[in-house]
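Please load the model in your viewer and keep the selection tool at hand. The tour goes from one selection to the next, with a short account of what is there at each stop.

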Amino acid sequence: NFAVAGYAFRQFAKTAERKVFRFQPDVVLMAALAGDNDVTMNVISSVVADGTVLDPAFDSVLKREGITRKPTIVEIKRDMGRSNVIAAMRALSYRRIADLSRANGAIPVFMYVPRLESEDYPPGYDEMVRDARAAGMVVFDLRGVYAGLAREELMFYRDNVHPNARGHKLIADRLYAELVARAGEVGLAASGGSGTVSNPRK
């Protein structure tokens, strides 16, 4: 698990590049959250305000979209909101993670993790899936993972957003079921009726 609160799309890609593949994964799961676009807006606007240079690919997105330093972050965010910069960075990040995964012998998988306060998928979900598929990722759908349980039963410390241990177990069980059901797509082998998967290459 390489998740870090507050990471933006460019940091997703950098984490994959620098840390993930030393562990020789068979499958790389990229978990998308409802706030990914907003986090990227906040991080990148601060980067632009500070004059920090990104790596060439992400820096070229800013230049192409005309995002430049302004007197205030509010003005930078306004310009970003009027441009395609967030979508372009998302697509670039997904593509880089997928390419790195395949280059290292792993299958890239996209999944959106529903929020507790609403299992309705957020505006922009279809665009996330479009970018994931365009990058060649397998897409897992966790819709309905909390079905039949009250939000209050699954909340971590009443914050309405983060699941507790029971909520995480629901996610883990559903994810495992997806891996078993779609073992062939992710390069794994389902073991008869045992409900387990393995990597036939190892």
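Select serine 93 to begin, and you will find yourself in helix α5, where helices (H or I, at least four residues) and strands (E, at least two) are DSSP runs, numbered from the N terminus. Serine 93 is buried, its relative accessible area being 0%, and the terms used here are buried for under 20% relative accessible area, exposed for over 50% and partly exposed for what is in between, with a 1.4 Å probe and protein chains only. If you leave aside the neighbours within four places in sequence, serine 93 is in contact with Phe9, Phe12, Ala13 and Phe58, contact meaning heavy atoms within 4.5 Å.

This is a predicted model, in which local features need pLDDT of at least 70 and side-chain atom pairs count only at pLDDT 80 or more, while totals for chains, interfaces and linings use all residues. Residues are numbered from 1 along each chain as its sequence is written, and side-chain values use heavy atoms, with hydrogens and water left out.

Next, show the aromatic side chains. A pair of aromatic rings is described by the distance of the centres and the angle of the planes. The structure holds five aromatic pairs, where rings of Phe, Tyr and Trp (its six-membered ring) pair if their centres lie within 6.5 Å, and where planes under 30 degrees apart count as stacked, over 60 as edge-to-face and the rest as tilted. Select phenylalanine 9 and tyrosine 94: the ring centres are 6.3 Å apart and the planes stand at 85 degrees, so this pair is edge-to-face. Because phenylalanine 9 lies in helix α1 and tyrosine 94 in helix α5 (residues 85-103), the pair ties together parts that are 85 residues apart in sequence. Phenylalanine 9 counts as buried at 0% relative accessibility, and tyrosine 94 counts as buried at 0% as well.

Phenylalanine 110 is buried, with a relative accessible area of 0%.

For a contrast, go to glutamine 24, in the loop between α1 and β1. Glutamine 24 counts as exposed at 60% relative accessibility, and its phi is near 50 degrees, a positive value in a residue other than glycine.

The next stop is methionine 137, in the loop between α6 (125-134) and β3 (138-140). Methionine 137 counts as buried at 6% relative accessibility, and its contacts, beyond the neighbours within four places in sequence, include Tyr94, Ala98 and Phe110. Methionine 137 and alanine 98 are 39 residues apart in sequence, yet 6.4 Å apart in space from C-alpha to C-alpha.

Move on to asparagine 164, in the loop between α7 (151-154) and α8. Asparagine 164 counts as buried at 17% relative accessibility, and its side chain reaches the backbone oxygen of glutamate 153 at 3.0 Å. Apart from neighbours within four places in sequence, asparagine 164 is in contact with Glu153, Leu154, Met155 and Phe156.

In helix α8, select glycine 167, which counts as buried at 0% relative accessibility. Setting aside the neighbours within four places in sequence, glycine 167 is in contact with Tyr146 and Leu154. The C-alpha atoms of glycine 167 and isoleucine 73, 94 residues apart along the chain, are separated by 37 Å.

Terms used. Polar contact = N/O pair within 3.5 Å; in protein donor to acceptor, adjacent residues only side chain to side chain.
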